[in-house]
Amino acid sequence: ATALALAPFAWRVDTDPSLPSYFAAGDTLRAGLEAIDRSGGSSPLDLVVADAHGRPLDTDDAFQRLQTLHRGLERHPDVGVVLSPAALMGEVDRKWYSFLIPWDTALERLERPQYGRVARTFLTDDRQRGRFILRMHEGERSRPRADVIAEIRDIVGRHGFRPVEVGGLYALQGELSKLVEGSVVRGLGGLLVCFFIIVLI
């Protein structure tokens with residue numbers, strides 16, 4: 001009877017809580033996470049994209065489209081700070097003489113040790129894939145992380161790219177929430193079946 005009475009409340013269990021909520025209110029860790037979250041997001045999400053038609057990302061056309069995708073991701077309410085190949089290439093493009101240097105040459109220079117090999121952080125050696133590093137807001141999130149990631153994948157597709165890989169702490173927490181939700185449902189369902197068999201016997 002108790003299991004049956006509690007069953008409807010299983011769906012109200014928060015299986016996908018925000019990162020700061022793991023710590024008690026007033027705790028220094030929680031206060032720090034909330035401050036980081038307000039200033040640009042507290043959970044990292046890595047997004048690797050490629051051109052939908054297999055074209056390289058070291059061209060003027062790709063640069064323009066990467067910039068548009070960058071701005072599209074920044075407009076998403078759950079996305080905070082965005083670091084991307086577009087930001088890196090934008091810094092190169094600020095130089096007045098940048099139009100004289102091809103993108104492949106400029107990016108090869110950014111792979112040198114004196115520049116911290118920064119180009120390798122955002123682009124593969126063959127220039128076919130680019131990495132976006134997103135900091136995701138957690139404090140005001142009202143939807144499951146899986147739904148947010150699905151929306152981000154949709155944004156990538158609308159801008160002429162395809163998501164190759166999605167990872168990071170944010171994605172991991174979304175996967176864990178699915179496992180917890182399944183565990184709650186299976187656990188309570190298993191109890192009800194077990195009790196029903198016992199009563200039947």
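1. Helices (H or I, at least four residues) and strands (E, at least two) are DSSP runs, numbered from the N terminus. By that numbering, His159 lies in the loop between α7 (145-158) and β4 (161-167).

2. The model is predicted, so local features need pLDDT of at least 70, side-chain atom pairs count only at pLDDT 80 or more, and totals for chains, interfaces and linings use all residues. Residues are numbered from 1 along each chain as its sequence is written, and side-chain values use heavy atoms, with hydrogens and water left out.

3. His159 counts as buried because its relative accessibility is 19%, buried meaning under 20% relative accessible area, exposed over 50% and partly exposed in between (1.4 Å probe, protein chains only). A polar atom of the His159 side chain lies 2.8 Å from the backbone oxygen of Ile155.

4. Contact means heavy atoms within 4.5 Å. Leaving aside neighbours within four places in sequence, His159 is in contact with Arg65, Thr68, Leu69 and Gly72. Helix α3 spans residues 60-74, and its buried residues include Arg65, Leu69, Gly72 and Leu73.

5. Beyond neighbours within four places in sequence, Ile152 is in contact with Leu45, Leu47, Leu73, Val79, Leu134 and Met136.

6. Helix α8 (residues 169-200) has 32 residues and reaches 46 Å from its first C-alpha to its last. Its buried residues include Tyr170, Gly174 and Leu188.

How values were computed:
The expected span of a helix is 1.5 Å times one less than its number of residues. A polar contact is a pair of N or O atoms within 3.5 Å; within protein, one must be able to donate a hydrogen and the other to accept it, and residues adjacent in sequence count only if both atoms are side-chain atoms.
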